[in-house]
Amino acid sequence: MKDEVRQAIKSMKTNKETGPDGISIEMIQCLDELGVAIMTKLINKIFDTGELPEDLTKSIFIALPKKPGATECELHRTISLMSHVTKILLKILMMRMKSKTRPEIAKEQYGFMPDKSTRNAIFVLRMIIERSIEVKHDIYLCFLDYTKAFDKVKHENLFQILQQLDIDGKDLRLIRNLYWNQKAAMKVNNDISEYTNIKRGARQGCVLSPDLFNIYSEMILRNLEDVEGIKIKGYNCNNLRYADDTVLIASTEEDLQKMVNIVSEESIKMGLSLNVKKSECMSITKDKTPRSCNVNINGETIKQVDRFNYLGSTITPDGRCDEEIKKRNALAKQAFQKMCPILKNRSISINTKTRVLKCYVWSILLYGSECWTINKEMEKRLEATEMWFLRRMLNVPWTAKESNESVLKRLKWRRCLLNTIRYRQLKFLGHIIRTGCLEHLVLSGKINGKKDKGRPRIKYLENISLWIEKQGYEKVDFLHAAQDRKNWRLMLANVCNR
């Protein structure tokens, strides 16, 4: 229908390189209603016949080096240039299929899903670790890595899955013809190679590929439903996924090995293979010495590590956030040093420099801060980092022996880094409580077990509650208060402004 085509054209991004046909989205948008009418007529003809013009099935790949001076193919990533008309057609198909594909994808999948991001997946993992340690449960994790997962999708298996989902016959025929007839060429220094057929893999640069891959990987991980992971309020959580980045979660080493075996076997059936060299495992415990974790894939032992960079956040065997905060501080300082010509320039106003600082440096420092449980030592470290930035912006050397209060007064600045972190945490907390998703479950659901003797670790909610009390407010029942969005925002603004 015209409305579908109009919506698809409107949602297209501009200033993008054209495909082999040389037609850009700006050309179609300039035609306004005439363009909508022409596109509707063309797409309906394709839809009725199921045949796509050759230009719409072609793509041009451009290789970009991951590192300077890369010479091997593995050290490059490719971008795909395809017809903008094809993108409009695929957007229409995606909107039609969404109602049937999205409900099939499990809660544990956070990649390419609406209202989900890396911080949600990091938060779930950290909460599972924190709350399991509280009741003396050890956790065994295995971070799986696939070898070129998107490029090894079998088309026959993919279409069988889509048929089982009862996708409309004409929609499925279009996708099948597009995948079976697709051709691609490599472009190097303005020279284009011959076009060749691509016989496997999710289509590079296709708007349908994320949803199709999620459905494909879902069929592998569904086989883990009966294997026990961590029980939270009766819900069995044994894996987390962000696209092809998968972490398996178990309470015993035997269960973890069982999961790895199942995933390995099912992946082979679907044409995917696990990369043993890049897959790593870890045991998390309250004890000072971590448990051994001997897990193997097809007889090859997976390396046990004492830290893992999961979606940009450092996970350690003690389950704390200290290492992650230290790493973020170091990365932010590196970013500051790179921007010294601007941030230490005496001819630029302080107001401009502080805005640049918050935009380019704080954004690196605060990545994943919504998931942090911050102790007093880390609070001091974060405040020290904030002063480190301010002193260098004012070009105050350490030999000047100028107090922090004096520096703040000169800048007309009040310390706000911790305040910003708490604001982000409270905003995120209110959102996940109101949506009632897996994040809410791992935050409030009960995990069976007895608490350990001695002083317990400070938990995420307690950490935020204590900070609010320091600001002069009474203790807040977050799970109830956050349900009223208007009052929650009002409270959040009052607490953080104070």
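In the predicted model, strand β9 and strand β10 (residues 245-250) pair in the antiparallel sense over 4 bridges, where pairing requires that DSSP finds at least two bridges between two strands. Within this pair, Asn-239 is opposite Leu-248 of β10. Strands (E, at least two residues) and helices (H or I, at least four) are DSSP runs, numbered from the N terminus. Helix α9 (residues 209-221) packs on the sheet and touches β9 and β10, its direction making about 165 degrees with that of β9. Such angles run from 0 to 180 degrees between N-to-C directions, the axes being lines fitted to C-alpha atoms, for helices over the stretch in contact.

The open sheet is formed by 5 strands in the order β9-β10-β3-β11-β14, with mixed pairing. Because β9 (239-242) and β14 (303-304) stand at the edges with a single partner strand each, one side of each has no neighbour in the sheet. Helix α6 lies across β3 (139-144), β9, β10 and β11 (280-284), and runs at about 155 degrees to β3.

Gly-472, which follows α18, has a positive phi near 100 degrees.

Residues are numbered from 1 along each chain as its sequence is written. Local features need pLDDT of at least 70 and side-chain atom pairs count only at pLDDT 80 or more, while totals for chains, interfaces and linings use all residues, and side-chain values use heavy atoms, with hydrogens and water left out.

Methods:
Contact = heavy atoms within 4.5 Å.
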